[in-house]
Amino acid sequence: AVENLEESAAAARVTVVVEPTEARVRAAAARVRQVLVNLLSNAIRFSPAGGAVHLRAVPHGAEVRFEVEDHGRGIAADKLEY
């Protein structure tokens, strides 16, 4: 997913940081890749130039939680669903 977005990240002057993990995932690789591309693409698009987007896979019991962190402007409060 990160390799697919290298050009977009470079054009936006955003660094994508993949944090190391020991986590193992058994899942449909194409589906996971699609989700990560979507999340990373949004994070890159809305991050300020010179910023960084972090991708990590965090073991959470028997599951793995993927996290994409950026420091962009975020989602307006009136657009959030509760």
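**Figure 1. The whole protein, shown as a predicted model.** Welcome to the overview. The protein holds 2 helices and 3 strands, and from the N terminus on these elements follow one another as α-β-α-β-β. Along its principal axes, the C-alpha trace spans about 35 × 35 × 20 Å. Of the 82 residues, 17% count as buried. The accessible surface comes to about 6,300 Å², and carbon and sulfur atoms account for 51% of that surface. Among contacts with a separation of 6 or more, 64% link residues 24 or more positions apart.

Figure 2. As background, strands of a sheet pair through backbone hydrogen bonds, either parallel or antiparallel.

**Figure 3. The hairpin of strand 2 and strand 3.** These two strands pair in the antiparallel sense over 7 bridges. One of the pairs to look for is His60 with its bridge partner Glu63 in strand 3. The hairpin has 2 residues between the strands, and Gly61 takes a positive phi near 70° there.

**Figure 4. The largest nonpolar core.** Nine side chains are the subject of this view: Leu5, Ala9, Val14, Leu36, Leu40, Ala43, Ile44, Val53 and Leu55 make up the core. Helix 2 (29–45) and strand 2 (52–60) each supply at least two of its residues, and helix 2 gives the most, with 4 residues. As general background, nonpolar side chains tend to be buried together in soluble globular proteins. Leaving aside neighbours within four places in sequence, Val53 is in contact with several residues, among them Val14, Leu40, Ala43 and Ile44. The contacts of Val53 also include Val16, Ser47, Val68 and Asp70.

Figure 5. Is Arg56 buried or exposed? This residue of strand 2 has a relative accessibility of 17%, so Arg56 counts as buried, the cut-off being under 20%. A polar contact of 3.0 Å joins its side chain to that of Glu19, and another, of 2.9 Å, joins the side chains of Arg56 and Glu69. Across the strand pair, Arg56 stands opposite Glu67 in strand 3. Not counting residues up to four places away in sequence, Arg56 touches Glu19, Arg65, Phe66, Glu67 and Glu69.

**Figure 6. Pro59, an exposed residue of strand 2.** For a contrast with the previous view, turn to Pro59. Its relative accessibility is 53%, and because the cut-off for exposed is over 50%, Pro59 counts as exposed. Which residues does Pro59 contact, leaving aside its neighbours within four places in sequence? They are Thr21, Ala23 and Val64. The view also takes in Arg24: its C-alpha atom is separated from that of Pro59 by 8.4 Å, with the two residues 35 apart along the chain.

Methods
Residues numbered from 1 in each chain as written. Predicted model: local features only at pLDDT ≥ 70, side-chain atom pairs only at ≥ 80, totals over all residues. Heavy atoms only, no water. Core = buried A, V, L, I, M, F, W, Y, C linked by side-chain atoms within 4.5 Å. Buried < 20%, exposed > 50% of the residue type's maximum accessible area, 1.4 Å probe, protein only. Contact = heavy atoms within 4.5 Å. Pairing = 2+ DSSP bridges. Areas by Shrake-Rupley, 256 points an atom, 1.4 Å probe, with all protein chains shown as cover. Polar contact = N/O pair within 3.5 Å; in protein donor to acceptor, adjacent residues only side chain to side chain.
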